[in-house]
Amino acid sequence: MGKRITIDPITRIEGHLRIDVEVDGGQVTKAWSSAQMWRGIEKILMGRDPRDAWVFAQRFCGVCTTVHAISSIRSLEAAMNVDVPVNGQLIRNMMIAQHSVQDHIVHFYHLSALDWVDIVSALSASPKKTAAIAQSLSDWPGNSVTEFAAVKEKLKSFVATGKLGIFGSGYWGHPAMKLSPEVNLMAVAHYLKALDYQRKAAQAVAILGGKNPHIQNLCLGGVATAVNVDNQATLNMERFAQLRVLMTETRDFVKKVLFPDVVAIGSMYKDWFKYGKGVNNYLAVPEFPLDEKMTKFDMNGGIVFNSEFNKMRVLKDHKDAYLIDNVTESVAHAWYEDGAPKNPFEGVTEPNYTDFSENGKYSWSKAPRLADKPVQVGPVAQILASYYNKDKEVVDLVNSSVKTLGISVGDLESTMGRHVTRAIRSVVMADKSLKYLDMLIENLAKGETAYANHVEMPMGEYRGVGFHEAPRGTLSHWIVIKDKKIANYQAVVPSTWNAGPRDEKGQAGPYEASLVGNPVADAHQPLEVIRTIHSFDPCIACAVHSIDPEGKELTNIKVR
């Protein structure tokens, strides 16, 4: 007999997310994804000065603030047809890349790793054997017997007090946990180190953006970052040297710790390269512009349907008419006033809450569609788009990963594949950070000092969309301007692409589709559901209840 499980809220994410699944024969047969909070920033923006939108838009999220600022300012620049000097692009590129490094470190270690790592098991590990395993993976200096012994003693001190401290809640001892005590201890030690290194990446963003979170340095036509290598009050050679140290340290961490850890843990959970694929339509937009007019990008984008990467529609820039014209948002199962799917330029955000109804409305997330199809966004989409576009660094990292893991490139379309592609993306982002720093210094040495174009807002009606390939996937802000005021504003974000509910055709969103076929060994400890959902890096929050097919609740579990 099938069982119903509700997880509300799902924790270790940003925001509030509820997941319902039906389980029959130990597998998920049906799923519902429900965003439990209303955004509403779009309505706050109506009637405001478009030049202020990026400041408000950062409040779409409490974590990925930088990405909304970038996407928002690009929407205004697209509407006004404004160029950005190369120095301005490079400063933005460094903020984007370092934000991604910080985001990916936090996601793997602090939001997802505990789905795979058993903290209690680490208490019985040998520090000497742990060091031998870690040193076989990389020459990172932190992989010492002394370090692992110290972490083990710290865990013991928690237990001696009757608590596990920050690791106090989890499905420890769950039958789906497979790592040896030594690998668990290695992961716990790196979890703690990751707290320091994510801070270093955030510090780099703050130096460039004036503040983090909520950067302060964007403006229409570039950045407001004052650059003068000889002035102590501006971005100068001392700051460049500080950035290089921070970026080098975080690059070494993701190359020598995060990437090897993900591949090593993935090799011990190879069955998870067969679960969680879900929607196999993908979207990634080009990122890291290298010229004023945004015609040259440093990373590729593309649109793929049905996993047919050999038929990928390559996106060369952010003006692709097919992409812009074919994005719609459905509200058939979302808590908004009914209406036909609309392109975001025509989008309406009128709330209409009706409680959770599995066959009716059940989410605050709209359901974005591309050419009427659900689409998955995120690292799998971007890394595979770059791989099939023959980006050499990505090709080398993907080939190295799949060879070590003994899997195919196609297996990366999975729960564990999202972690591996995100680890690959971390390395790429770290390398690009230093590349753009070198390019900026070289430009300044040539005497190219412009970092913003001054632009006056004209009267009349204008519209533009700002795309950005954020850590969680494709983000877009859509703005309509009438006589210097915002007449409409819509944000289509990665977590609505992935977390959205069914549409008017009954097509499930990526979260919902990815859970179907997942094993669930214990309905009271639905770890497997959490693993797949966390692999997307949701930017919303969740809980799990169990009910029988008649809808009677069996149990209610808080996942902490």
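**Annotated sites and a helix pair in a predicted model**

C61 has a relative accessible area of 9% and is therefore buried. This cysteine is placed in the loop that joins α2 (53-57) to α3 (65-80). Apart from neighbours within four places in sequence, C61 is in contact with E14, H68, H214 and C539. These values come from a predicted model.

In UniProt, an unreviewed entry lists C61, C64 and C539 under "binding site". The three positions span 479 residues in sequence, yet no two of their C-alpha atoms are more than 8.5 Å apart, so they gather at one spot. C539 belongs to the loop between α15 (527-535) and β17 (542-547). With a relative accessible area of 17%, under the 20% cut-off, C539 also counts as buried. Residues up to four places away in sequence being left out, C539 touches E14, C61, C64, R472 and S495.

E42 is part of helix α1 (residues 41-45). Its relative accessibility is 4%, and E42 is therefore classed as buried. When residues up to four places away in sequence are not counted, E42 touches F60, T349, Y489, Q490 and A491.

Confidence was examined next. The average pLDDT of the chain is 93, and 96% of the residues score at least 70. Over residues 541-549, however, pLDDT stays under 50. For this stretch the model has 60 contacts beyond four places in sequence. Where pLDDT is low, the predicted coordinates should not be read in detail.

A helix pair was also described. Two packed helices are characterised by the angle between their axes and by the distance between those axes. For helix α5 (residues 127-137) and helix α7 (residues 181-209), the axes come within 9 Å and cross at roughly 70°. An angle from 65 to 115 degrees counts as roughly perpendicular, so α5 is roughly perpendicular to α7. On the α5 side, the contact is made by P127, K129, T130, I133, A134 and L137. The α7 side contributes E182, V183, L185 and M186. By residue class, the contact of α5 with α7 comprises seven nonpolar residues, one polar residue and two charged residues.

Notes: Residues numbered from 1 in each chain as written. Predicted model: local features only at pLDDT ≥ 70, side-chain atom pairs only at ≥ 80, totals over all residues. Heavy atoms only, no water. Axes fitted to C-alpha atoms, helices over the stretch in contact; angles between N-to-C directions. Helix = DSSP H or I, 4+ residues; strand = E, 2+ residues; numbered from the N terminus. Parallel < 35°, antiparallel > 145°, perpendicular 65-115°, else oblique. Contact = heavy atoms within 4.5 Å. Nonpolar A, V, L, I, M, F, W, Y, C, P; charged D, E, K, R; others polar. pLDDT = per-residue confidence, 0-100. Buried < 20%, exposed > 50% of the residue type's maximum accessible area, 1.4 Å probe, protein only. UniProt positions renumbered as here; feature names shortened; annotations may be inferred.
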